[in-house]
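Please read the points below alongside the model.

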Amino acid sequence: RLDRFLRIPYVVFPLLPFLIFCAERTRMADTRRFSNPAADAWIDKPIPCLDHGFVMLKDYMGGDASIVQAARVSYGEGTKKASDDKGLIAYLMRHRHTTPFEMVDLKFLVKLPIFVARQWIRHRTASVNELSARYSVMADEFYLPKKEDVRYQSTLNRQGGSDEEVSDELCGRVVETLRAGAERAYGEYEEMIGANIARELARTHLPVSLYTQWYWKINLHNLLHFLELRLDTHAQYEIRVYAKAMSQIVKDVVPWTWEAFEEFRLNAQTFSASEKAVLAMLLTGKSVTLPDSLRKGGRRREFEEKLATLGVDPAKALPPAG
C-alpha cells in the first residue's frame, strides 16, 4: 500500500499543466464581462473601404446595458424591463445626457489615405496610434478615385465639391494624372530608401493619397458625434465611406442606442430661433416675413435646404430672396 501511495506523484505531476489549463479556462469563463454576439462577429472582420482601405473592429467594452447601468447608478439597479431600458436610452439621447454613453468604448484598426486621416484626426477625442514612416518603409498603395467620384470645386462650399457632372474625358485625365504622379513619387522614394537616405526624410516626398494605418479607440459619445458629422451629405465622399462602414458595426454593438441616434440626431433637424419663428408663421397660416439674416446668402440657402427635407417647397413658402 505504501508503494502505491509513493507512486501518486509520478501520475499527478505529468497532468499538472493540463489541470492548470483547465482551472484557467474555468476562471476565464467565470469572468463577468459584457458580451454581445452580434458585436463579437465583427471583431477582426474588415469592411473594405475605397480601393485599398478597410475598417476593422478590434475590441469593444460595454453595450446598451452599460449605458443603462451608468444612468441608473444614482438610485441602484432599477427596473428589469427591457422596454424601460430602451426608453431610458431614448430619453438620454433625446435630452443629450451624454455621460452614460461614454461608458462604452470601441477600438478600430483603420487603413485609410493620409488626406482622409488628416481630416479624421481633427476629431481630437480619441486615442490614436498610427503607422510611422520613420520606422517603416511604406507600401506602394495609393488612393485613386473612380471616374464618377471626380468632382468640380463647389461655387457655394469652399471646402467641397459640386454635383455638376464632369466629362468622361476630363475624369480620365484627372485619374491618370493622379496615378502617374503617385507612381513617380513612390519610385523616387524607393531610390532614396535604396541609397540609405533616412526614412524620416524620404517620406516627405510621398503624396497624401498614400495609405496609412492606425488604431483608433474612442468612447461611444464621441464616436456618435464623429458619425453625425461624417455621415452628413456635406462631408467629403471619401471619409463618408469610412463613416458608413463604422456605422454598420456600431449598430450591432449598441442597437438600442443606434435606433435612438437615428431618431433624435442623425435624421433629425435643428432650427435656429429665427427659423422657428418663420416655421410658426407657416404652420399658423400667417403671412411670412423674413428677418434680414434669412433673406439671402448662406443662411437663406441652409434654411431652404431644411424646409426641403420637410417636404416644403421653399420657392412657394418663402418670399423671394433679397
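1. L50 sits in the loop between strand 1 and strand 2 (53–61). Strands here are DSSP E runs of at least two residues, and helices are H or I runs of at least four, numbered from the N terminus. L50 is not a glycine, yet its phi is positive, about 55°. Its relative accessibility is 24%, so L50 counts as partly exposed (between buried, under 20%, and exposed, over 50%; 1.4 Å probe, protein chains only).

2. On provenance: this is a predicted model, in which local features need pLDDT of at least 70 and side-chain atom pairs count only at pLDDT 80 or more, while totals for chains, interfaces and linings use all residues. Residues are numbered from 1 along each chain as its sequence is written, and side-chain values use heavy atoms, without hydrogens and water.

3. D44 also has a positive phi, near 65°, and is a residue other than glycine. It lies in the loop between helix 4 (37–40) and strand 1 (47–49). D44 is partly exposed, with a relative accessible area of 44%.

4. Helix 13 (residues 273–284) packs against helix 14 (residues 297–309) at about 50°, with axes 12 Å apart. Axes are lines fitted to C-alpha atoms over the stretch in contact; angles run from 0 to 180 degrees between N-to-C directions.

5. Which residues make the contact (heavy atoms within 4.5 Å)? Helix 13 supplies S274, E275, V278, L279 and L282; helix 14 supplies R299, F303, K306 and L307.

Conventions. Contact = heavy atoms within 4.5 Å.
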